[in-house]
Amino acid sequence: AVTEDGKPTANLRAIIARLKDGATVQSCKTVIARKVMEWSRPRTDGEDMMQYATPETLFRASKFEKYWGQCVARKP
């Protein structure tokens, strides 16, 4: 998505930045799928975590790295 003057929106800029940092399209899709699955489950405290399933949250540099780390199986 672009603005009226043809520039990428803030959401698109965040995604582009993660791709420039070395993320792949597939890793982006994996993070999205995992967080949507995780955040769509009912919580005992009643908090609606789906409110955080936004490009701003998912693709923030500090958050994306953490979320991707949760997706990657690490060997001891």
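1. Helices (H or I, at least four residues) are DSSP runs, numbered from the N terminus. Ile-16 is found in one of them, helix α1, which spans residues 10–20. This is a predicted model, in which local features need pLDDT of at least 70 and side-chain atom pairs count only at pLDDT 80 or more, while totals for chains, interfaces and linings use all residues. Residues are numbered from 1 along each chain as its sequence is written, and side-chain values use heavy atoms, with hydrogens and water left out.

2. Ile-16 has a relative accessibility of 30% and therefore counts as partly exposed, the scale being buried under 20% relative accessible area, exposed over 50% and partly exposed in between, with a 1.4 Å probe and protein chains only.

3. Helix α2 (residues 25–39) and helix α4 (residues 61–71) have axes that come within 9 Å and cross at roughly 85 degrees, which makes α2 roughly perpendicular to α4 (65 to 115 degrees; axes are lines fitted to C-alpha atoms over the stretch in contact, with angles from 0 to 180 degrees between N-to-C directions). Among the residues of α2 that meet α4 are Ser-27, Cys-28 and Trp-39, and the α4 side includes Phe-64, Tyr-67, Trp-68 and Cys-71, contact meaning heavy atoms within 4.5 Å.

4. Ser-27, in helix α2, is buried at 5% relative accessibility. Leaving aside residues up to four places away in sequence, Ser-27 touches Phe-64 and Trp-68.

5. A search of the whole structure finds zero disulfides, a disulfide being a pair of cysteine sulfur atoms within 2.5 Å. The cysteine sulfur closest to that of Cys-28 belongs to Cys-71 and is 11 Å away, too far for a bond. Cys-28 is buried at 7% relative accessibility, whereas Cys-71 is partly exposed at 24%.

6. The structure holds three aromatic pairs, counted where ring centres of Phe, Tyr and Trp (its six-membered ring) lie within 6.5 Å, with planes under 30 degrees apart called stacked, over 60 edge-to-face and the rest tilted. Trp-39 and Tyr-52 form an edge-to-face pair, 6.4 Å centre to centre with 70 degrees between the planes. Trp-39 is buried at 7% relative accessibility, while Tyr-52 is partly exposed at 31%. The rings of Phe-59 and Phe-64, with centres 5.7 Å apart and planes at 20 degrees, are stacked, and both residues are buried.

Terms used: Helices (H or I, at least four residues) and strands (E, at least two) are DSSP runs, numbered from the N terminus. Angles under 35 degrees count as roughly parallel, over 145 as roughly antiparallel, 65 to 115 as roughly perpendicular and the rest as oblique.
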